[in-house]
Structure formats: structure tokens, C-alpha cells
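Let's take a walk through this model together. Please have the viewer open, and follow along from one element to the next.

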Amino acid sequence: MKHRSVAEQSFQAHHSHNLRMKRDPKVFWFAQQSAKPRKRRHPTPLNDPLFNEQWFLSDAFSQNVVAAWIRGCTGKGVVVSVLDDGIEKSHPDLSENYDPKASYDMNDNDANPEPPYSQISQNRHGTRCAGVIAAVANNTVCGVGVAFNARIGGIRMLDGYVTDLLEAKSLTFNQQHINIYSASWGPKDDGKTVDGPGILASEAFIRGISSV
């Protein structure tokens, strides 16, 4: 409501009008409104040199990633493990967020998930996926992850023979600690191959959604 005898802008609190409103039995509650300074908040510009080339994070792509960051949704408190061909845990854009409890080498059966490197090695997909997920922000290195405050680990399981048992062990590794398993792989995508998880991998999925 507006009162015609009350100035819209004034240094006075209009106590007499407030007192009359307070004494009116038909008024349960009221508050005289005053202007409050409010500014639009934009995210702090990131100093990661390749951020502007990450088109999938831009507002034009309509995923609202930057808007989610402004609201504090940056992956903090979430643990992600990338099931792939390994993860370069010492990479300068991953090391700060690296989580050894979310990592294992199923191919060599040890705790080091780093892939072997050679001139013909193709084992870099897992590290790329990990960077998309949780590359550190504002460290002047490469780009930034969608959830740059998440903890990131890696399960090396694609660098060798992949079996139903291997998939199941990867999908159930340290379930009490890992929140999200990222698996960007599958059977041949050639238009004629129809395949899915085996008995053990299917059981791993069931346990993952019902027992944790």
C-alpha cells in the first residue's frame, strides 16, 4: 500500500503513520519499505587460459553451468571416479583434486591408476574425461572442470582384456566412498553390435542403487 501523505523518499521514518497502522485492529502486521542496494553478481573471471574455448560451458550452449557456479554448485563434497584407461593423477590441472581412495588399476592390480606412456599409447581418454569433470579452476592451467571442486579419481580398466568380472569390480570399487562412477565407453558403436552388461556387471549396477 501507499499513503498519499507519505513521501516516497524521505529521511524520516513517519512514526505517526506507523503508530496508527500498529493500533488498527484490522492490521496484523506491516513494515515500512525502504530501498536496499542490490547489485548483479557475476562469476569472477577465470584465469584458466583455455576456458574461453570450452564452448560446452558457455551460456550460448544453454546448460547453465556458469549460473550453477554462481549458486555454489561446484562439486564440493562429491567424489567422482572415472572408469576408463587410467588417469594422470599428477597432471597440474588434476593433482589438487585427485582422490587416491577413488582410484585403482584393475589391469595391473595395484593402487596406481596412471596409464603407461609411449609414442603409440592411446591411453589419454580417462585423463581427458577427468579434466572435463574436475579440472581445477583459477590455476592458470588449461581449462576448468564442470565440477571444479569435486574430488576426482580413476579406475584403469580399459587398458587390456575387459571381462564381465573386470567391469563388475570397477563398478563396485569403494562404493562407500565414491558418489559417481563415470563410464564413457561401451560395445562397438558400429550400428550392428548389440551388447550390454553381463551377469556380474548387472549385479554391480543393482547393488550400486540398492545397497549403498
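How many of the 10 residues of helix 3 (residues 125-134) are buried? Before the answer, a word on conventions: this is a predicted model, in which local features need pLDDT of at least 70, side-chain atom pairs count only at pLDDT 80 or more, and totals for chains, interfaces and linings use all residues. Residues are numbered from 1 along each chain as its sequence is written, and side-chain values use heavy atoms, with hydrogens and water left out.

Now the answer: 7 of the 10 residues are buried, so helix 3 is mostly covered. Here buried means under 20% relative accessible area, exposed means over 50%, and partly exposed lies in between, with a 1.4 Å probe and protein chains only. Helices (H or I, at least four residues) and strands (E, at least two) are DSSP runs, numbered from the N terminus. The buried residues in helix 3 are Gly 126, Thr 127, Cys 129, Ala 130, Gly 131, Ile 133 and Ala 134. Their cover includes strand 1 (79-84), strand 3 (151-156) and strand 4 (180-182).

Val 79 counts as buried because its relative accessibility is 8%. Contact means heavy atoms within 4.5 Å. Leaving aside neighbours within four places in sequence, Val 79 is in contact with Asp 99, Ala 102, Arg 151, His 177, Ile 178, Asn 179 and Ile 180. Val 79 and Tyr 181 are 102 residues apart in sequence, yet their C-alpha atoms are 8.8 Å apart in space.

Which residues have the most contacts inside the largest nonpolar core? They are Met 106, Ile 155, Met 157 and Phe 173, in a core of 14 residues. Strand 1, helix 4 and helix 5 each supply at least two residues of this core, and its largest share, 3 residues, comes from helix 4. A nonpolar core is a set of buried Ala, Val, Leu, Ile, Met, Phe, Trp, Tyr and Cys residues joined through side-chain atoms within 4.5 Å. Take Ile 155 as an example: with neighbours within four places in sequence left aside, Ile 155 is in contact with Ser 81, Val 82, Leu 83, Asp 84, Gly 86, Ala 102, Ser 103, Tyr 104, Met 106, Ser 170 and Phe 173. Another core, of 11 residues, lies apart from it, and among its members are Leu 94, Ala 130, Ala 134 and Ala 147.

Helix 4 (164-171) deserves a visit of its own. Its buried residues are Leu 166, Glu 167, Ala 168, Ser 170 and Leu 171, and these pack against strand 1, strand 3, strand 4 and helix 5. How do helix 4 and helix 5 (199-210) sit together, and at what angle do they pack? The angle is about 15°, with the axes 7 Å apart; axes are lines fitted to C-alpha atoms, for helices over the stretch in contact, and angles run from 0 to 180 degrees between N-to-C directions. Helix 4 is therefore roughly parallel to helix 5, a label for angles under 35 degrees, while over 145 counts as roughly antiparallel, 65 to 115 as roughly perpendicular and the rest as oblique.

Just a few backbone details remain. Most residues other than glycine have a negative phi. Thr 140, in the loop between helix 3 and strand 3, has a positive phi near 60°, and Thr 140 is exposed because its relative accessible area is 53%. Asn 174, in the loop between helix 4 and strand 4, has a positive phi near 45°; with a relative accessible area of 30%, Asn 174 is partly exposed.

Finally, look at Ser 211, in the segment after helix 5. Its relative accessibility is 52%, so Ser 211 counts as exposed. Ser 211 and Gln 176 are 35 residues apart in sequence and 9.7 Å apart in space, C-alpha to C-alpha.
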